[in-house]
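Dear colleague,

I am passing on the structure we discussed, and below it you will find my notes on what came out of it.

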Amino acid sequence: MEKRVLFKSAWLPWVLVAPQMAIVLVFFFWPAGQALYQSVLQEDAFGTSREFVGWENFQRLFDDASYLASFKTTAVFSLWVAASSMSLALLLAVMANRVARLAGFYKTLLIWPYAVAPVVAGVLWLMLFASPYGVIAYALQAMGLPWNHLLDADHAMALIVMAAAWKQVSYNFLFFLAGLQSIPQSLIEAAAIDGASPWRRFWTIVFPLLAPTTFFLLVMNVIYAFFDTFGTVDAATHGGPGKDTSILVYKVYYDGFKALDMGGSAAQSVVLMLIVIALTVVQFRFVERKIEY
Amino acid sequence: MRSKAKLAIAALSALMLVPAQAQTEIQWWHSMGGALGEWVNDLARDFNASQKDYKVTPTFKGSYDESMTAAIAAFRAGNAPHILQVFEVGTATMMASKGAIKPVTEVMKEGGQKFDQNAYVPAVAGYYTAPNGQMLSFPFNSSTPVFHYNKDAFKAAGLDPEKPPTTWPEVALAAAKLKASGHKCPFTTSWISWTQLESFSAWHNVLFASKNNGFDGLDTRLVFNSPLHVRHIENLANMAKSGLFVYKGRGNAADATFVSGECAMATGSSALYGNVVRNGKFGYGIGTLPYYPDVQGAPQNTVIGGASLWVMNGKKATDYKGVAAFFSYLSQPEVAAKSHQRTGYLPVTKASFELTDKSGFYKKNPGTDVSVTQMIRKTTDKSRGVRLGNFVQVRTIIDEELEGVWAGKKAPKEALDLAVKRGNEQLERFQKANKS
């Protein structure tokens with residue numbers, strides 16, 4: 001079923017969308033255009049000399065084996081962040097949905113981490129795991145599990161996944177909770193009368209009805225992991241050990257803001273932009289079709 | 001009427017507060033936090049109190065790379081600060097950005113200040129001097145790597161607290177004793193590339209990069225995969241395997257572990273001095289950087305780190321007069337000597353060193369002269385320092401490759417070869433980008 005509002009006036013709809021269009025143009029299209037432009041230039045740090053180099057920045061990227069390797073790192077990281085933060089958020093949302101007393105209190109606490117800046121999240125988790133005096137590192141050590149994210153690639157990856165996912169749980173929680181509350185109670189009650197166990201009711205009724213929310217969150221989480229996590233990585237691991245936690249967006253940040261290579265950094269942003277456009281198109285074309293809103 | 005009169009009085013008194021002659025404000029962006037930040041603020045305050053025409057306003061802009069990025073963004077937008085503190089690895093980038101900076105020699109000349117380049121400590125000023133003899137930036141806070149050790153831990157391990165190890169074999173022996181006494185972190189280091197490869201090369205009078213470490217041209221290439229370098233990294237890798245050397249992360253992350261007492265010995269910047277004196281709760285000793293006694297010519301001298309002050313281009317002539325006056329103030333023997341004694345940074349001028357020496361400071365604070373004696377030696381072409389383009393990336397590459405060694409995943413030779421190869425790609429790019 002299509003919903004369509006008809007305006008009598010020819011200009012009113014344009015006026016109404018104008019503020020949003022202005023924001024999109026200024027904050028999305030303009031910077032994206034700048035990135036496209038810079039990606040074909042080579043500049044010195046201060047921008048006093050600037051040379052058109054065509055595809056050279058892109059050529060250099062794809063000749064670099066470590067850049068190609070960081071695609072894999074990014075895929076692993078994004079999947080872990082999306083999977084862990086979404087499943088944890090779903091669990092918390094289902095539980096919070098049942099709480100009768102102090103519901104507001106729990107919800108507030110669960111939403112809180114969303115306000116934490118990515119860098120702060122990175123530092124926070126780093127302090128928990130800093131060996132040997134971080135609380136969790138100390139506890140692990142006591143259990144005979146030495147923790148060393150400075151040299152162990154798996155530990156380092158786990159650390160940034162935890163820091164990045166923890167922040168995102170709040171966001172996912174909010175949407176899952178809203179999704180749960182919009183599921184008609186009558187369906188669940190009918191199933192209960194038919195003798196379905198709570199476990200069965202969840203997987204056959206609640207979870208499928210949450211699919212639009214889950215799908216939306218999957219897109220949002222992957223985009224989050226792709227773009228918003230460079231601060232977390234910088235604070236927690238600097239992309240190390242070696243390049244084992246150097247995800248794509250961290251390299252964009254490092255090359256642009258630490259190494260002052262604007263052209264190379266812009267070329268990487270363009271690649272990232274293409275990836276996310278492709279991901280979104282694929283998901284909306286093929287996945288959304290199967291989901292009934 | 002009454003309220004109008006009140007308003008008039010208020011307006012008048014507000015006017016009175018403004019000095020008759022407007023001061024010229026000099027913006028100074030720096031990266032000195034904590035105890036060092038207080039030092040910078042004190043310098044500006046004292047300079048402002050010493051005269052009436054100029055007002056230096058220091059602003060903390062985050063770590064070295066953050067303040068450099070901020071200044072670049074500001075320069076592109078046309079509001080760069082007058083003075084920018086840039087770390088030594090940014091030197092080649094600043095030198096290549098001719099339109100963005102104004103050489104200090106020019107600033108001093110136009111500012112009408114007496115300026116004698118020979119008054120500055122050559123090992124320090126030489127690093128910031130162009131091939132044509134022009135001093136490009138003001139050598140504000142230069143440090144050099146030294147060997148820090150915890151005297152209390154030495155005593156507990158049965159080592160002589162007044163005799164720090166001076167060679168790498170001795171370091172390994174001392175570390176073994178510390179470990180036997182129950183110490184979890186006998187030895188660590190901050191700034192791996194700076195202490196273990198760059199200074200290591202100069203200290204043993206071998207090259208880190210060709211073309212005299214980049215001083216003689218942009219076509220310089222890395223050469224730190226020689227047998228001597230491999231031997232040293234192998235030695236450290238063995239120490240890491242047996243728990244004698246503990247890796248504590250990139251940059252200066254290891255500094256905190258020495259100050260807290262967690263690690264007993266550390267190679268790091270001489271400027272750690274002020275921090276340890278203030279926050280360390282143990283007997284603190286400084287020794288010279290260790291070396292291999294069988295290498296001919298060792299020990300030579302160590303290379304500088306720290307930062308210098310660059311003057312940004314495109315400001316008014318009166319502003320530059322203020323900058324020149326401020327630099328003259330910083331070079332005054334008393335001011336420079338006080339800075340040196342307070343921070344552990346190297347003395348800027350020869351006179352300030354002599355003043356400190358005469359005052360008996362080195363005798364009262366044993367170890368504080370280590371950095372000076374390591375630096376104030378006749379340098380060779382191989383030991384003058386390391387000046388490379390894209391140096392930030394080169395250092396990160398070294399960090400990345402060596403982490404593979406400490407984790408036991410890569411052989412030292414393999415890691416150094418790879419670091420040289422990857423680093424050279426960066427040098428080639430810098431050479432290409434700055435041909436003209």
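Helices here are DSSP runs of H or I with at least four residues, numbered from the N terminus, and in that numbering Leu61(A) belongs to helix H2 of chain A, residues 56-63. Please bear in mind throughout that this is a predicted model.

Once neighbours within four places in sequence are set aside, Leu61(A) is in contact with Tyr67(A), Ala267(A) and Gln268(A); Gln268(A) lies 207 residues from Leu61(A) in sequence, yet their C-alpha atoms are 7.8 Å apart.

In chain B, helix H2 (residues 34-50) has 17 residues and should therefore span 24 Å at 1.5 Å a residue, which agrees with the 25 Å between its end C-alpha atoms. Leu36(B), Val40(B), Leu43(B) and Phe47(B) are buried in H2(B), and, seen down the helix axis, the buried residues fall within an arc of 55°, so they line one face. They pack against strands E1 (24-30) and E2 (54-60) and helices H13 (273-279), H14 (317-331) and H15 (333-343) of chain B, whereas Gly34(B), Arg45(B) and Ala49(B), on the other side of H2(B), are exposed.

As for the contact between the chains, 25 residues come from chain B and 18 residues from chain A. On the chain B side, the elements giving two or more residues are H3 (64-76), H4 (91-96) and H19 (391-406), with H19(B) giving the most, seven residues. By class, that side has nine nonpolar, nine polar and seven charged residues.

Best wishes

Technical notes
Residues numbered from 1 in each chain as written. Chains lettered and ligands numbered in written order. Predicted model: local features only at pLDDT ≥ 70, side-chain atom pairs only at ≥ 80, totals over all residues. Expected span 1.5 Å × (residues − 1). Buried ≥ 20, exposed ≤ 12 C-beta atoms within 10 Å, placed from the backbone. Arc of directions from axis to C-beta. Contact = placed C-beta atoms within 7 Å. Nonpolar A, V, L, I, M, F, W, Y, C, P; charged D, E, K, R; others polar.
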